[in-house]
Amino acid sequence: MVNSRSRTNKILFFYLPLTLMFTWTIFPIYWTINTAFKHEGDIVKRPLEYFPTAPTVENFVVAWNNVGFATFFKNSLIVGISTVLVVIVLSTLSGYALSRYKFKGKRSFLLMLLATQFIPRAMLIIPLFIIFKSMGLISNPLSLIITYTAVEIPFTTILMSGFIGNIPRDLEEAAAVDGASKLQSLRLVMLPLLLPGIVATAVFTFIYTWNEFLLALMLTNQQSKFTLPVGLSFMMGEFNVNYGALAAGSVIALIPAVILFAYAQKHLVNGLGGAVKG
Amino acid sequence: MKNLLKISLLLMLVAGGILAGCGSKDDGGKTADGKTKITFWDENAGPQRTPIWEKLIADFEEANPDIDVDYVGLPKDSSKSKLDTAIAADDMPDVGSVQTSWLPEFSIREALLPLDDYLADSELNDLINEGAVTFNKDVVRDGKLYGIPYTQNLDVIWIRSDWFKEAGLEAPDTWDEFFTAVNEMTADGRYGYTIRGGAGGSFQLQRLMFAYSGLENYFDDNGKSTINDPKHVEFLEKYFDLYKKNTPKSDITNDYKEMIAGFDTGVVAMVHHNIGSYGEHSKAFEPDQFEAIPLPKTEDGRYVAEGGNTINMSIFKSTKNPDEAWKFVEFINSAESQSYWNEQVGQIPTNADVLDMDWIKDSAHIKTAFEVYDNPQTVLYKPPFYLPDYRSILDNTVDAGTQKVMSGESTVQEFLDEWAKAVEDSEAKYNDAMK
């Protein structure tokens, strides 16, 4: 009796909401993948096809070759990976300084870091454009890497200082007693412990650069230098919504993010927990 | 540890060096092999139009081996802001595909090169549709020509001809017939019509209103807007009365995609858009299942179309190679290129020599559009493209107002009064600034 009630409860309050939430989340992704493998004519056909009856990779070929996703994908990877590397190095070091040292103006510095997040990005476009133009960096991935790094650094620094604050000082002191220098103890003692935090930071940064559209479009004047989000937006003209290629492009854009999350998931949950505790 | 630091610093430097290597340098518009390089920005790039441009550019480069055209495609929704940034930062392309509604603003910002003299000396002079060229001059303050129209569009109503035939109904010719048809086609889980209640709906609404009233001007002589003219009120009251009764409930958030999908999936019998969506419909239907009809005639039997429904080839003032840029503009506007472009896209060419080509005679929707533009009785009304906030009024005030009327929060009269006030204020501000 008791058993069956607890089973009902479990179904009602655990499995049912979970199933609903899962369906809610997964449906758009399923539909995108479904559309990506359909022939153009089948996409809007009634009755709806829940599975492509005659699956095709034609849409992927169109997106990859005709629309130029091969190039956009490469550009996005270059920008994403470079930004992640720079952000990790800089935010680990500055996060360390913020959490371990006491210095004058630390609080106002933190406040300033936060305040930079409040500036609407659209307002910065023309000034940024003029600056990068005078540096000869328009249509150069470096302009995006620099901007994305600057945008991400404040948040990731605060994130990292939280992680570092969680690691007991004793560990570093013990290392110092054993004769390790500051940098050695950072590298040998702190870095392995910080791995979840670094992964979390890297994932956040990568996803941001992977999805960012406005700056990527504005700071680039060459077809061959556009990134993926700009490429995706080509599929959504007033007169030419190419659902199949759009869906295929979205799936292509999704793949790295999914792989990244699958790999980083464990670290990510640990990492976020650490940051909150900090 | 020092090694690690050194290595990471070195890596960053190397990466920076490599990337900086691909930076653009000011080369005076010359490529490495001495060719003249011009950049061309396409304001509506995508898998459909980009290949057309690439082919035309390849043809142009073959005919002009000393000129190299660098194509940059821009997504339609962001191309205006991209051009705005480029003008503000003085980093414009040589040639651009520019919508007519942008001409007044770009000319005030002195971004474009006047093309009157170029056109006067060109073979194109008598070939390009005079109405469109005159409109381009009328719409800018200094009366100069800032763009050569290479394609025109026209609002039409797409109807399911097979359903009309089944029901024994004729395609509507007048507004009364239109409203009757909407009513009669609403049956068996089908809707007679679909309203664009979401983004972009304001532009279509305005064209319908003027098509109903037959008014030519947006303002009367006293600076009062004709938007809240009793005729417009009368029309919108009938029009929004269709909502939910004869149209899907979701119409209140309809934008282009949903609206067209409703038609193409066989949910609605009629949809108001322009001939540009022909490609979408032809993917969904057999040729005898659908057709384009002009917007219904006014009470006194005239067609009304919005002026300036064209896209132009414009040259930007900062170009270092205006003559090469003009060569490209001229090439795109030649009968051959215009014919290719417009046939692929399914729009109306402006070059008179194209009009006799076979593909035009064979495509019913283009012919329909011609009949409207060719009809001497047709009224071309003039929207105030020159108002800097014309677009934002339509996007923000009118789109939002449409939804308020559809949801019953305000009346048609209140909505049109608000719209009229917004454009009147803007007109007054503009006149003050230009004094």
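The following is a conversation about a predicted model with chains A and B.

Biologist: How many residues of domain 1 are in contact with domain 2 in chain B?
Modeller: In chain B, 10 residues of domain 1 are in contact with 13 residues of domain 2. Helix α16 (residues 364-374) of chain B supplies the largest share of the domain 1 side, five residues. The C-alpha centres of the two domains of chain B lie 29 Å apart.

Biologist: Now the sheet. What is the order of the five strands in chain B?
Modeller: The order is β2-β1-β3-β9-β4 of chain B, in an open sheet with mixed pairing. Strands β2 (67-73) and β4 (148-152) of chain B are the edges, each pairing on one side only. From one strand to the next, the twist averages 25°.

Biologist: Which strands does β3(B) pair with, and do they run parallel or antiparallel?
Modeller: Strand β1 (residues 36-42) of chain B runs parallel to β3(B) and is joined to it by two bridges. Strand β9 (residues 310-315) of chain B runs antiparallel to β3(B), with five bridges between them. In general, strands of a sheet pair through backbone hydrogen bonds.

Biologist: Is β3(B) enclosed or open to the outside?
Modeller: It is largely enclosed by the rest of the structure, because five of the five residues of β3(B), residues 95-99, are buried. Both faces are covered: B:Val95, B:Ser97 and B:Gln99 lie on one side, with B:Gly96 and B:Val98 on the other.

Biologist: What lies across those strands?
Modeller: Helix α13 (residues 322-332) of chain B lies across β1, β2, β3, β4 and β9 of chain B, and runs at about 155° to β9(B).

Biologist: What is B:Ile315 in contact with, beyond its neighbours within four places in sequence?
Modeller: Its contacts include B:Asp94 and B:Val95, as well as B:Leu112, B:Leu113 and B:Leu115. Also among them are B:Pro322, B:Ala325, B:Trp326 and B:Val329.

Biologist: How many residues does the largest nonpolar core have?
Modeller: That core has 168 residues, and B:Ile315 is one of those with the most contacts inside it, along with A:Leu219, B:Trp158, B:Met270, B:Phe328 and B:Val329. Helix α7 (residues 141-166) of chain A gives the most to this core, with 11 residues. At least three residues come from each of domain 1 and domain 2 of chain B.

Biologist: Changing topic, where is B:Gly29?
Modeller: B:Gly29 is in the loop between α1 (2-21) and β1 of chain B. B:Gly29 is partly exposed, with 18 other C-beta atoms within 10 Å. Setting aside neighbours within four places in sequence, its contacts are B:Thr36, B:Lys37, B:Ile38, B:Lys320 and B:Asn321.

Biologist: How far apart are B:Gly29 and B:Thr319?
Modeller: B:Gly29 and B:Thr319 are 290 residues apart in sequence, and 8.5 Å apart in space from C-alpha to C-alpha.

Biologist: Last topic: what is the average pLDDT of chain A?
Modeller: Chain A averages 87, and 92% of the residues score at least 70. Over residues 274-278 of chain A, however, pLDDT stays under 50. Where pLDDT is low, the predicted coordinates should not be read in detail.

Methods:
Residues are numbered from 1 along each chain as its sequence is written. Chains are lettered from A and ligands numbered from 1 in the order in which they are written. This is a predicted model: local features need pLDDT of at least 70, side-chain atom pairs count only at pLDDT 80 or more; totals for chains, interfaces and linings use all residues. A residue is buried if 20 or more other C-beta atoms lie within 10 Å of its own, exposed if 12 or fewer, and partly exposed in between; C-beta atoms are placed from the backbone. Helices (H or I, at least four residues) and strands (E, at least two) are DSSP runs, numbered from the N terminus. Two strands pair if DSSP finds at least two bridges between them. Axes are lines fitted to C-alpha atoms, for helices over the stretch in contact, and angles run from 0 to 180 degrees between N-to-C directions. Two residues are in contact if their C-beta atoms, placed from the backbone, lie within 7 Å. A nonpolar core is a set of buried Ala, Val, Leu, Ile, Met, Phe, Trp, Tyr and Cys residues joined through C-beta atoms within 7 Å. Domain bounds come from an automatic or database domain assignment. pLDDT is the predictor's confidence in each residue, from 0 to 100.
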